[in-house]
Amino acid sequence: MTAHTVEYIRYHIPEQQSAEFLAAYTRAAAQLAASPHCVDYELARCEEDFEHYVLRITWTSTRDHMEGFRESELFPDFLAEIRPYIPYIQEMRHYKPTTVRGAGASVPTLYAWAGGAVAFARLTSVFYDKVLKDDLLAPLFAGLDPAHAEHVALWLGEVFGGPPAYSETQGGHGHMVAKHMGRGITEPQRRRWVNLIQDAADEAGLPTDAEFRSAFLAYVEWGTRLAVYFSGPDAVPPAEQPVPRWNWGAAPPYQG
């Protein structure tokens, strides 16, 4: 659970002052953007009643807001801009996120976009066929469990937003990490793995749009770099934790 806190400030601004209010917050936002204690912010205007606004600011913590930002050199300039509108504040409180959260279906998961379980099974089948024929990677996979490709398909499916099949049948992140301990994976081997799985994605017919492939490659880079670390002599096994969940990142799926 994140330690972040969300501050909500609700304003009732007379219509004739709305333009000045928005201009003031546009200037004040520069101070928020410069603060190391501010994660993000957004000023929203009510659609049903244009005089109502809600400012949402995510802080690294309530203490960081109250003692960090408010005692910083940024705060006087921020306050100077918004001071005229303080009398119009109807609520100003900090909120902590709860466990009730999730995503709706308006944006498909990477798993669904890729084609589901069939697509990931096809991917790993093509990929490990390449791996076992590769002079650099084949030694790492000598004596490969016949079910290995199937297990990796379940892993990737869960990582990219599919059902928790890997967790339910194999274990969490620690189980996957344990498979890499002591293997001494080298950087050239990691890079070859990255290249081959991209080739396999092409051959297996995974989507080629830039948004999907950038997210796909981001996970592959992250995962293989962790694999190199955990395969090394100084690796410390992580505490048991769930399978990571990957999303679209900076670019949502393109739908023209």
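Helices are DSSP runs (H or I, at least four residues), numbered from the N terminus. The model is predicted: local features need pLDDT of at least 70, side-chain atom pairs count only at pLDDT 80 or more, and totals for linings use all residues. Residues are numbered from 1 along each chain as its sequence is written, and side-chain values use heavy atoms, without hydrogens and water.

A pocket is an open set of points on a 1 Å grid where a 1.4 Å probe fits, with protein on both sides within 12 Å along at least five of seven lines; lining residues have an atom within 4 Å of a point. Volume is the space filled by probe spheres set on the points.

| Pocket | Volume | Lining by class |
|---|---|---|
| Largest | about 680 Å³ | 20 nonpolar, eight polar, four charged |

Of the 32 residues lining the largest pocket, Tyr-128, His-148, Met-176, His-180 and Trp-193 lie nearest its centre. Helix 10 (210-230) is among the helices that supply at least two lining residues each, and helix 10 gives the most, with nine. The lining of the second largest pocket includes Phe-160, Arg-245 and Trp-246.

Helix 1 (residues 18-34) and helix 3 (residues 75-82) pack at about 165°, with their axes 9 Å apart; axes are lines fitted to C-alpha atoms over the stretch in contact, and angles run from 0 to 180 degrees between N-to-C directions. The two helices, helix 1 and helix 3, are therefore roughly antiparallel (over 145 degrees).

Notes: Nonpolar A, V, L, I, M, F, W, Y, C, P; charged D, E, K, R; others polar. Parallel < 35°, antiparallel > 145°, perpendicular 65-115°, else oblique.
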